[in-house]
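Work through each task before consulting its solution.

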Amino acid sequence: MCGIVGYIGTQQAAPLIVSGLKRLEYRGYDSAGVCIISDSGLRIEKKAGRVAALEKFVDIDSLSGTVGVGHTRWATHGLPNDVNAHPHTDQSGSIALVHNGIIENYVTIKKKLLNAGYTFRSETDSEVLAVFIGMLYDQLNDVELAVRTALSEVEGTFGLVVVSTHEPDMIIAARRGSPLILGIGNGEYLVASDAAAVIAHTRQVVYLNENEMAILRRDGFTTKTIENVKTRSVVEEVSFELEQIEKGGFEHFMLKEIFEQPTTFHDGFRGRLQIEEGTVRLGGLTSVVDKLRAAKRIIITACGTSWHAALVGEYLIEHLARVPVEVEYASEFRYRNPIINSDDIVIAISQSGETADTLAAIREAQLKGATVLGMVNVVGSTIARETDAGVYLHAGPEIGVASTKAFTSQLCVLTQFALYLGRMRALSAEQGREIARELALIPEHIRTILRGADEVRRIAHEYSSVSNFLYLGRGFNFPAALEGALKLKEISYIHAEGYPAAEMKHGPIALIDDNMPVIFIAPKDEIYEKVLTNIQEVRARSGKVIAIADEEDEYIASIANHVIRIPRTLPMLTPILASIPLQLLAYYIAVERGCNVDMPRNLAKSVTVE
Ligand code: F6R
């Protein structure tokens, strides 16, 4: 979603800000803008479309000044056009801001301002905040005080950066519900909504806390709460390298991330899996071991792909640890006044660690007394910081909007969590050893599947012009079917649905004709024979069957139109392997259709609004 980059220092701010904005493009946006404090006042340039459109519109190098701020906007209030793009200014044009998040009471504030004679150019809530700060400045004659006063009156969420000609050697940053990071340089500072925008300049960062603000000058910075109480900031090191957020020779980030999975999966269990003891060491959960032992129920909450991982988690935990598990969409959980007991464990799964609905769900669970754990990829993200304990995914930065490697890392961590919990309960060391051994083989299995990518590309070529797809799987692979369908629709815009295979005859079978490809995830497990029956039902209606099946399954080739092979593993680990060809299929189909794979239309990488 929206991205922020601010700079104060000795270098020309504009090119530095624009290159930072480019690093944030992956998050999804529809307009871009910059504001530089120049000798003649604030110089603001903004444009609908990509950062490249802004660069075409204005010579970035001509924007002279060493203090400034830039923004990529993902429209919420008002169309994605030039006027609604950020930065926005106050009425006098001397205070500019960029804003991520939503000002919920902007209508009330706007009415007050309109009554007082102020006017507005855009339809945005963010401009209301800029004009409000300007009005307060006129009364208080102090930029920082005006910002603090305004922020104490607004409801909603913000990651905010303000610059002003009244204080040309200062930047103010503030956050509530939308992340901001300070990049600490030598005589210069950056502020950004994502570490990816600062890492080319510095690895030293400060993560602003909720309700915290920072005042940045060339010779230092201070942090305080929005209520003006000084805070202590901790300088941390960014945990990834620059090359991890570059394409490294691949055509798209998504393809690079698919091919990274042997490594990222391995990183998810390295130092954790204890094969000989048949168990797992999860250091991040040490403080809650007693609660885990006493847990009567586990609720997993998440959105999108992470919610699909949660569904696999439900099967895994119930299977290995025999603890009842419920999986909830975070967006539903947060509003339906869920029944939560103090011996419940609530787990939030999130790649970004910033998803607004998931964050709200964990706050609700904490309010009701549950122990809340996080399974999060982005180190230092809000969910990681607000949960009582947790396990990082260690998948590294995921830039492609469609989640791939984070999903398999979520399954890696969930499998280990289920094993860990199982071993605290009835699971024997021998059973644990078998699972641990098989899990450790997964990176090699993924490598084997990736070697067959060309075969998936051929199948993709054959089906790239169809309008609908069905994805079917059972047991552990029902969520894998949902995830396969989501991947395809996100990046290729083909309508796709996932179902438990046996549900097909309760409705979706009506769709099947010779134009309908149906993907079956059919490893040899205890319900394999049932899935074969479902395949026959599709063939009897002339549907096209693409089966994902075990290497040594010879029979399936006689009833399916295409077979994509995956190595043999435990049934509980098959969704991990089945996901790889499904990611490749979605990718190759989207490329054939000429879609923007890494930045699909309307989508954002990190959904920080409701
Ligand atoms: C799909 C996808 C989204 C996210 C969802 C939750 O490819 O990426 O469905 O999974 O928006 O995001 P996180 O995991 O960051 O909470």
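Helices (H or I, at least four residues) and strands (E, at least two) are DSSP runs, numbered from the N terminus. The model is predicted: local features need pLDDT of at least 70, side-chain atom pairs count only at pLDDT 80 or more, and totals for chains, interfaces and linings use all residues. Residues are numbered from 1 along each chain as its sequence is written, and side-chain values use heavy atoms, with hydrogens and water left out.

**Exercise 1.** Describe helix 16: its span, its cover and the residue that follows it.

*Solution.* Step 1: helix 16 comprises residues 477–492, which is 16 residues. Step 2: the expected span of a helix is 1.5 Å times one less than its number of residues. From first C-alpha to last, helix 16 reaches 22 Å, close to the expected 22 Å. Step 3: of its 16 residues, 15 are buried, and helix 16 is thus mostly covered; buried means under 20% relative accessible area, exposed over 50%, partly exposed in between (1.4 Å probe, protein chains only). Step 4: after helix 16 comes Tyr493, with a positive phi near 65 degrees.

**Exercise 2.** Determine which residues are closest to the ligand and which polar atoms approach its oxygen atoms.

*Solution.* Step 1: the ligand is surrounded by 15 residues, the closest being Ser306, Ser350, Gln351, Ser352 and Thr355; a residue is near a molecule if one of its heavy atoms lies within 4 Å of it. Step 2: helix 9 (304–321) and helix 16 each contribute at least two residues to this shell. Step 3: a side-chain N or O atom of Ser350 is 2.6 Å from a ligand oxygen. For Gln351, a polar backbone atom is 2.7 Å from an oxygen atom of the ligand. For Lys487, a polar side-chain atom lies 3.0 Å from an oxygen atom of the ligand. Step 4: the ligand taken alone exposes 410 Å², of which the protein buries 90%; such areas come from the Shrake-Rupley method with a 1.4 Å probe.

**Exercise 3.** Are Arg297 and His77 buried or exposed, and where does each lie?

*Solution.* Step 1: Arg297 lies in strand 17 (residues 297–302). Because its relative accessibility is 16%, Arg297 counts as buried. Step 2: the side chain of Arg297 makes a polar contact with that of Glu326 at 3.0 Å; a polar contact is a pair of N or O atoms within 3.5 Å, and within protein one must be able to donate a hydrogen and the other to accept it, while residues adjacent in sequence count only if both atoms are side-chain atoms. Step 3: His77 is placed in the loop between strand 4 (67–73) and strand 5 (88–89). His77 is buried because its relative accessible area is 18%.
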